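My entries follow in the order in which I checked things.

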Amino acid sequence: MARRTQNMLKGSALPALFCLALAGCRGCRSGEGETYPANLAYPPRMDWIVDQLPTQSPEDADKVGDMDEPIRQLNQHGGRSYDPAVIPENLRNELQAALAVHFGEPANPFIKAEVESPIPPENLLTGSRLFRRQCLQCHGLTGDGRGPTAPWIAPHPRDFRQGVFKFVSTNGTGSRKPTRADLGKVIANGIPTTAMPPFNLTPEADRERLIDYVTYLSLRGKVEFEILRKLAKGGEAALDGDVASEADEILMRELKGWAFAEKDIMPVTPPALADDSPEMADSIRRGRDLFLDPKGAGCVTCHGDYGRAGKPQYNVWGFRTAPANLTEHKRKGGTAPEDFYRRIHGGIGPSNMPAAASLTENQTWNLAHFIRALPNPGQLPDDVRKAIYGP
Ligand code: HEC
Ligand code: HEC
C-alpha cells in the first residue's frame with residue numbers, strides 16, 4: 001500500500017496534487033482557476049493614504065515586516081499621510097457604493113462608465129481567476145500590494161491603486177500610464193532583482209487577461225485613492241460634487257489616460273555604432289562625464305559610486321527605494337539599448353528618479369551606452385575601466 005502510494009506520488013498524481021495545493025483550482029488548465037465566492041466584496045481601503053512625500057531623502061532603508069509604520073511616519077519627516085478612519089462613516093459607505101456601481105465585486109468584475117468599457121466583463125472574470133491563482137498572494141485582493149506575503153518582501157509587491165507604474169515606454173514623466181505591451185513585458189519577464197516572478201510559461205492569452213485585470217484594479221484603486229485623499233484632507237467640502245459624481249469624473253479621466261498611453265509611445269532610434277568602434281568608446285566616455293557632472297546629468301547625486309553607494313529615495317507609495325547599483329548586471333526594466341534610453345529620458349517617476357529630458361538625444365545615448373557597458377568592464381575603454389574598477 002505504502003509502495004503504491006509512493007508510486008502514485010511519483011507518477012502523474014504528484015503534479016496534480018501540487019497544483020491543487022498551490023492553486024486551489026479544480027483543474028490546472030489555463031483560465032480554470034476557481035472564481036471568487038459570490039458573496040465576497042472588495043474590502044474598503046483602511047491603510048493610510050500618502051498625500052505628500054518628505055522633501056528630504058530618507059536616511060536609511062525601511063525595516064521589513066511592517067508596511068504601515070513607514071507610511072504613518074511620513075508625518076514626522078515633513079511629509080503627509082492620512083488615516084482613512086478619520087473620514088465619517090457615511091462618506092466611506094457612499095464611496096463603497098460608488099465603487100460597486102462602477103466596478104462590481106471580485107466574482108463579478110466590470111467597468112461601468114459613461115463611455116463603453118475598454119475591457120469586456122468576460123475578460124475581467126477570466127483575469128480575476130488567474131490573478132487569484134498567480135498574483136493574489138503578493139498583490140492582494142484589491143491590488144493593494146498587501147497580500148499575505150507582502151510585508152516580508154523587499155521591495156514590497158506593487159500597489160496598483162495609485163495608478164502609476166515604473167517601467168513604461170510612454171512619453172512624458174511622472175504619472176504617465178503604461179501601455180498594454182509594457183504590462184505584458186513585466187508579467188512575462190518578471191522584474192529581475194525583485195520577488196516579481198516571470199510568467200512566461202503562462203499562455204499568452206492568459207497574460208492578456210492578467211493585463212486586463214491589473215488595469216481594472218488600477219482604475220478601481222485610483223478612484224478610491226483620489227476620493228479618500230480629498231475626503232481625508234478637506235472633508236466633503238473638498239469634493240467638486242458628491243462622492244458619486246467625483247467617482248464618475250475620476251474614472252473618465254483615468255480611462256482617457258490609459259487610452260492615450262497606447263498612442264503616445266516614446267520614439268527611440270538607437271544610433272548604428274559597433275560595440276568595438278572608437279566612436280562607441282568615445283560615447284561611453286562622454287556618458288560617464290555626464291553621469292558624474294552635477295551640472296551635466298547629475299546621476300551621481302543618487303547613484304553614488306555608480307550606485308554602489310546609492311542614496312535611498314522615497315517612492316510615491318511612501319516606501320524607500322534604493323537607487324540601482326549600476327555596476328551589477330541585472331536591470332528591472334530590461335537591458336536593450338531602448339530600455340536604457342527610455343529609463344534615462346523619461347526617468348522612473350514613482351521612484352523619484354527624475355527624467356533627464358533636457359539632455360539632447362546624443363547626450364542621452366552617451367549615457368545609455370555608458371550604463372549598458374558599466375557592468376561589463378571588458379566593454380569599457382581602458383581609462384574609464386581603471387577609474388571605476390581599479391587597475
Ligand atoms: C512573489 C510575489 C509576487 C507575485 C506572485 C507577483 N508579483 Fe507582481 N510584483 C512583485 C513585486 C515585489 C513588484 C515590485 C517590484 C518593484 O517595485 O521594483 C511587482 C510589480 C508588479 C507590477 C508593476 C510593474 C511596473 O512597471 O511598475 C505589475 C504590473 C505586476 N507586478 C503584475 C503581477 C501579476 C499580473 C502577477 C500575477 C500573474 C504578479 N505580479 C505576481 C511581486 C510579485
Ligand atoms: C534623485 C535620485 C536619482 C537620480 C538623480 C538618478 N537616479 Fe537613477 N534611479 C534612482 C532610483 C531610486 C532608482 C531605483 C528605481 C526602482 O528600482 O524603483 C534608479 C534606477 C536607475 C536605473 C535602473 C533601471 C532598471 O531598469 O533597473 C538606471 C539605469 C538609472 N537609474 C540610471 C540613471 C541615470 C543615467 C541617471 C542620470 C541621468 C540617474 N539614474 C539619475 C534614483 C535616481
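What geometry does the site of the iron atom of ligand 1 have? I find it octahedral, with angles of 85 to 179 degrees among its 6 donor atoms. Donors are N, O and S atoms within 2.8 Å of the metal (3.2 Å for Na, K and Ca), and water is not among the atoms, so sites may look incomplete. Six donors count as octahedral if opposite donors are over 155 degrees apart and all others between 65 and 115.

Basis of the entries: this is a predicted model, where local features need pLDDT of at least 70 and side-chain atom pairs pLDDT 80 or more, while totals for chains, interfaces and linings use all residues. Residues are numbered from 1 along each chain as written, chains are lettered from A and ligands numbered from 1 in the order written, and side-chain values use heavy atoms, without hydrogens and water.

**Iron ligands.** I looked up the protein atoms on the iron atom of ligand 1 and found His-139 (NE2) and Met-196 (SD), at 2.0 to 2.2 Å. His-139 lies in helix H6 and Met-196 in the loop between H7 and H8, so the pair ties together parts 57 residues apart in sequence. Helices are DSSP runs of H or I with at least four residues, numbered from the N terminus. Both His-139 and Met-196 are buried (under 20% relative accessible area, 1.4 Å probe, protein chains only).

**Shell of ligand 1.** I count 25 residues around ligand 1, with Cys-135, Cys-138 and Arg-158 among the closest; a residue belongs if one of its heavy atoms lies within 4 Å. The shell divides into 17 nonpolar, 5 polar and 3 charged residues. A polar side-chain atom of Lys-166 is 2.7 Å from an oxygen atom of ligand 1.

**Shell of ligand 2.** Which side chain also has a polar atom 2.8 Å from an oxygen atom of ligand 2? I find Lys-166 again. Ser-351 has a side-chain N or O atom 2.5 Å from an oxygen atom of ligand 2. Helix H11 (337–346) and helix H12 (361–373) each give two or more residues to this shell. I note 13 nonpolar, 8 polar and 4 charged residues in the shell.

**Ser-218.** I located Ser-218 in helix H8 (residues 204–234). Why is Ser-218 counted as buried? Because its relative accessibility is 0%. Beyond neighbours within four places in sequence, Ser-218 is in contact with Phe-160, Gly-163, Phe-165 and Trp-258 (heavy atoms within 4.5 Å).

How values were computed:
Buried means under 20% relative accessible area, exposed over 50%, partly exposed in between (1.4 Å probe, protein chains only). A polar contact is a pair of N or O atoms within 3.5 Å; within protein, one must be able to donate a hydrogen and the other to accept it, and residues adjacent in sequence count only if both atoms are side-chain atoms. Ala, Val, Leu, Ile, Met, Phe, Trp, Tyr, Cys and Pro count as nonpolar, Asp, Glu, Lys and Arg as charged, and the others, Gly among them, as polar. Four donors count as tetrahedral if all angles lie between 85 and 135 degrees; four count as square planar and six as octahedral if opposite donors are over 155 degrees apart and all others between 65 and 115; anything else is irregular.
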